[in-house]
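I opened this structure for the first time and kept notes as I went. The entries follow the order in which I looked things up.

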Amino acid sequence: MPKMKTKSGAKKRFKVLGGGGVKRSHAFKRHILTKKTTKTKRQLRGTSMVDASNMPSVRAMLPYA
């Protein structure tokens with residue numbers, strides 16, 4: 001059986017943690033930032049976890065993580 005390929009876009013966007021969770025960064029923080037409020041930009045800082053409803057699709061994209 002050949003090896004499964006990891007989706008290269010997913011390996012750049014997600015980081016699997018030791019406890020089994022998946023860390024992700026926030027969207028809407030790249031460009032067109034002048035019209036966004038300071039509060040919105042501040043709350044988009046840092047990382048968050050992938051929701052349980054999206055976890056099966058993320059796991060399928062990262063078979064060896």
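**Entry 1: the sheet**

I began with the strand pairs, and found that strand β2 (residues 22-25) and β3 pair in the antiparallel sense over 3 bridges. The strands are DSSP runs (E, at least two residues) and the helices are too (H or I, at least four), numbered from the N terminus. Two strands count as paired if DSSP finds at least two bridges between them.

I noted the origin of the model before going on: it is predicted, so local features need pLDDT of at least 70 and side-chain atom pairs count only at pLDDT 80 or more, while totals for chains, interfaces and linings use all residues. Residues are numbered from 1 along each chain as its sequence is written, and side-chain values use heavy atoms, with hydrogens and water left out.

Next I looked up β1 and β2, which also pair in the antiparallel sense, over 3 bridges. They form a hairpin with 5 residues between them. Gly-20, in the turn, has a positive phi of about 105°.

**Entry 2**

Which residue in β2 is the bridge partner of Phe-14? I found Arg-24 there. Arg-24 also stands opposite Ser-48 in β3, and Ser-25 stands opposite Thr-47 in β3.

I stayed with Ser-48, which lies in strand β3 (residues 47-49). Is Ser-48 buried or exposed? Its relative accessibility is 18%, so Ser-48 counts as buried. The cut-offs are under 20% relative accessible area for buried, over 50% for exposed and partly exposed in between, with a 1.4 Å probe and protein chains only. Leaving out residues up to four places away in sequence, I listed Val-22, Lys-23, Arg-24 and His-26 as touching Ser-48, where contact means heavy atoms within 4.5 Å.

**Entry 3: the core**

Which residues form the largest nonpolar core? I wrote down 6: Ala-10, Val-22, Val-50, Met-55, Val-58 and Leu-62. Such a core is a set of buried Ala, Val, Leu, Ile, Met, Phe, Trp, Tyr and Cys residues joined through side-chain atoms within 4.5 Å. In soluble globular proteins, nonpolar side chains tend to be buried together.

I checked Val-22 and, again without residues up to four places away in sequence, its contacts include Phe-14, Val-16, Ser-48, Val-50, Met-55 and Val-58.

**Entry 4: the loop between β2 and α2**

Phe-28 is found in the loop between β2 and α2 (38-43). It is not a glycine, yet its phi is positive, about 65°. With 66% relative accessibility, Phe-28 counts as exposed.

Ile-32 has its place in that loop between β2 and α2 as well. Its phi is near 55°, another positive value in a residue other than glycine. Ile-32 is partly exposed, with a relative accessible area of 47%.

I looked across to Thr-40, in helix α2. Thr-40 is partly exposed at 34% relative accessible area. The C-alpha atoms of Thr-40 and Phe-28 are separated by 9.6 Å, and the two residues are 12 apart along the chain.

**Entry 5: Pro-63**

Pro-63 lies in the segment after α3 (55-61), and is partly exposed with a relative accessible area of 25%. Pro-63 and Thr-6 are 57 residues apart in sequence, but 6.3 Å apart in space, C-alpha to C-alpha. Neighbours within four places aside, I found Pro-63 in contact with Met-4, Lys-5 and Thr-6.

**Entry 6: the chain as a whole**

I finished with the totals. The protein chain has 3 helices and 3 strands, in the pattern α-β-β-α-β-α along the sequence. Of its 65 residues, 14% count as buried. The C-alpha atoms fill a box of roughly 50 × 25 × 20 Å, taken along the principal axes.
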